[in-house]
Amino acid sequence: MNEISPTPPAFEKFASGQSVSRKEDPRLLRGEGCYTDDIDLPGMAFGYVLRSPHAHGIIRGIDVSAAREVEGVLAAYTIDDLKAAGYGPFPGSKLLKNRDGSDPQSPARYALADGKVKFAGEGLAFVVAETPEAARDGAEAVMFDIDPLPAIVDPEEALAPGATQIHDDAANLCVDWCEGNFDAVGEALAKAAHVTRMRIPINRVVVATMEPRGAVGEYDAPSGRFTVHLGCQGVYGMRQTLATAVLKIEPDKLHVVSKDIGGSFGMKSQQFGENLLVLHAARDLGRPVKWIDDRSGAFLSDFQGRDMIADAALALNEEGDFLGMRIDMIGNLGAYMTPFGPVMPSGNIMKNVASLYKTPAIAVTCRCVFTNTVTIAPYRGAGRPEGNYIMERLVDAAARETGRDSLELRRRNLIPADAIPFKAASGMEYDSGDFPSILTEAAAASDWDGYAVRRKASEARGLLRGRAVTSYLEVTAGPGKELGAIRFRPDGRVIILTGTLDQGQGHATAFAQIVCERLGVPFDMIDLIQGDSDELKMGGGTGGSKSAMASGNAFALASDAVIENGRQWAAHEMEAAVQDIEFAAGEFRVVGTDRAIAIQDLAARITAAASVPDGLPGSLDAELVTDTPPSAFPNGCHICEVEIDPETGHCRIDRYLAVNDFGNLINPMLVEGQTHGGIVQGIGQALMETAVYDDDGQLLTGSFMDYAMPRAETVPSFDIRHHPVPATSNALGVKGCGEAGTSGAIPTAFNAILDALAPRGVTDLPMPATPERIWRAIREAAT
């Protein structure tokens, strides 16, 4: 054979740690994206969901006969049709136990209302027609008879004796959970020199993804196989649950496809009724069926986020050391229980409220409650921002009450770098971090000592100025399974496959950087597949800021397997011993010689080979299902300064700085983008976003006319800095960053507002701190 010594590809600029431009963007900017509403199949019909106008009531009857007579209408379905077809309910939660060891009460949730409606917006009927307009016309012809019942939207009212029961087969109190060292916490509170006690409500938010939900269903009668196109956060998990629990079929009889997804933030990871409705209609009608929600429908039916109440206490000694903390949570789950719904106000509070402080004892209780509101599900952080918000509100209040500097109180209680690994009172063991150095760096970068000058300048303009510092730590999602597969195609391109799913994070770029760095394959020749369940033998999905750890780790291990396959083939091609083959910079080389072959040339030779010699792998390809590494602990320090006009209550974010430890950064530019987005969402919740229901269970903030969202003018240019301390728990040293911005931003922005208002006698506000609430608080404090 001819010995080949090619020049290694210039891949270094695409390696991990480089701010490589997103390879997804050119296609999207050219308008070549394919979102759910872009799916256009031959013979496709269109569906519309008729939703209940009542928040609570007994369904006496639903008559769809007139709807079926409307021109263009093909079919109209109710819960009776779905039950006749044998479909099951969507799963509730089995992720935690009550304090007595029993399972949570999780009433059945079907694709359409069954017997009662439990929230305004619950589906009553599904109408399918030749056009979207005809489907809507048909829905208007549906006749229904509902006896209204009293609605409950306040979780504490739902817990009151004699309260109306939301479900006939379950109490309003569906979870009663606890965890922690209650004896040690009780002792700490009893002996403390000072105890800060607060009630901390955490407002409900609407997810408001840029792309509303949608689904397109197909059914192939000869094979008995369904296909659903939708936006989600992992096609493998979506297929497994929808097939086995709801459709009652084998998973291989359902094909789930997700292409481009216009945002999710946790919401689209859930199972929704429309996913089943389009599949049922497609099989019944023998043609594809599309359903796309409008914004009004999204406000009424998309699962919402947050909505908790914390009664919290923090004990300190004379020197200001934290001795213990107790948190008593109430979680409003809305009308139904999603799989992760009760975990957010319970286990995730316990894990995250400990933060990066050396508090020796923590105890948390949680009561989860059903109400006549839209169901709660994960929303960016899913208990992580809430836990940090509770802790940071306590620390700031403790500093004010004891006359201490808020920054120095934090510094005193931070876990020192030489104490790591550190077993927190939450039970989590922190493997890495340098929390005091990050606080010091952030304070210096923010010109902490120059604040007094800026405050005087604000006062000279008639404005109140406030600032806040937050030290935060969050616990990413824990162990699981994830796929990492690498395939070499005959045309020279390399396909990488995994079960996490991008909704804007930039997976195709970051994962290609990992493979490019490890295998020396040109970055532009790497293509990612993650949205086709037929291609995946496993998939843990995206969530909990774990994609870089789960898929990144899987690709690292798959790359190692590719290299091992390549060493065997290279030894064969270059007539050398396997132990004499080394791999570097995209080349297999015989040690101590100039005999080498590039990995893609080797892959091409294997493809062209007439047969595979005995003892050699069939290709360079590798496909591994790997164990996801343990939780990592992204952390950092945020500092915010605000100005408030006391005459109007208007609050302006003037300065915002964040120093973060996300471990090793695969792509700093993507990390910064994720951080920006998280901070904006946190500021949105702190200043303006809130879902408001009236006493009848009607959503008063049901459009963007009433539900405020942050805009570019809401925030300043952020100063984002990195202080990476690599994680030791995974091969890449990464920690996750997708939700951390929100965890830091909510307490930082809100505490800065309270700091500005403190001279006027305002010590607390309900979140969000809207101009009206600020204005009113100033005037009430003055009377």
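1. In this predicted model, Asp-176 has Arg-367 of strand β15 as its bridge partner. The two strands concerned, β7 and β15 (residues 362–370), pair in the antiparallel sense, and seven bridges are found between them. They belong to an open sheet of five strands, ordered β7-β15-β14-β13-β8, in which the pairing is mixed. The edges are formed by β7 (173–180) and β8 (194–205), each of which pairs on one side only, and from one strand to the next the twist averages 10°.

2. On the cysteines, the count of disulfides is zero. For Cys-178, the nearest cysteine sulfur belongs to Cys-366 and is 10 Å away; because a disulfide requires two cysteine sulfur atoms within 2.5 Å, Cys-178 is in no disulfide. Cys-637 is likewise in no disulfide, its nearest cysteine sulfur being that of Cys-640, at 12 Å.

3. Glu-482, found in strand β19 (residues 481–488), deserves a separate remark. Its side chain is buried and yet has no salt bridge, since the nearest side chain of opposite charge, that of Lys-546, is 5.9 Å away and a salt bridge requires the nitrogen and oxygen atoms to be within 4 Å. What the side chain of Glu-482 does reach is the backbone nitrogen of Gly-540, at 2.9 Å.

4. The structure holds 49 salt bridges, one of which joins Lys-268 to Glu-211, with the closest N and O atoms 3.3 Å apart. Lys-268 lies in the loop between β11 (254–257) and α8 (273–285), and Glu-211 in the loop between β8 and β9 (214–220), so the pair ties together parts that are 57 residues apart in sequence. Lys-268 is buried, with a relative accessible area of 3%, and Glu-211 is buried at 13%.

5. Arg-410 lies in α12 (residues 406–413) and Asp-396 in α11 (residues 384–402), so parts 14 residues apart in sequence are tied together. Both residues are buried.

6. Glu-647 forms a salt bridge with Arg-779, the closest N and O atoms being 3.8 Å apart. Because Glu-647 lies in the loop between β26 (635–644) and β27 (651–661) and Arg-779 in helix α20 (residues 771–782), this pair ties together parts that are 132 residues apart in sequence. Glu-647 counts as exposed, at 57% relative accessibility, while Arg-779 is partly exposed, at 27%.

Terms used:
Residues are numbered from 1 along each chain as its sequence is written. This is a predicted model: local features need pLDDT of at least 70, side-chain atom pairs count only at pLDDT 80 or more; totals for chains, interfaces and linings use all residues. Side-chain values use heavy atoms; hydrogens and water are left out. Two strands pair if DSSP finds at least two bridges between them. Helices (H or I, at least four residues) and strands (E, at least two) are DSSP runs, numbered from the N terminus. Axes are lines fitted to C-alpha atoms, for helices over the stretch in contact, and angles run from 0 to 180 degrees between N-to-C directions. Buried means under 20% relative accessible area, exposed over 50%, partly exposed in between (1.4 Å probe, protein chains only). Lys and Arg count as positive and Asp and Glu as negative; His and the chain ends are not counted. A polar contact is a pair of N or O atoms within 3.5 Å; within protein, one must be able to donate a hydrogen and the other to accept it, and residues adjacent in sequence count only if both atoms are side-chain atoms.
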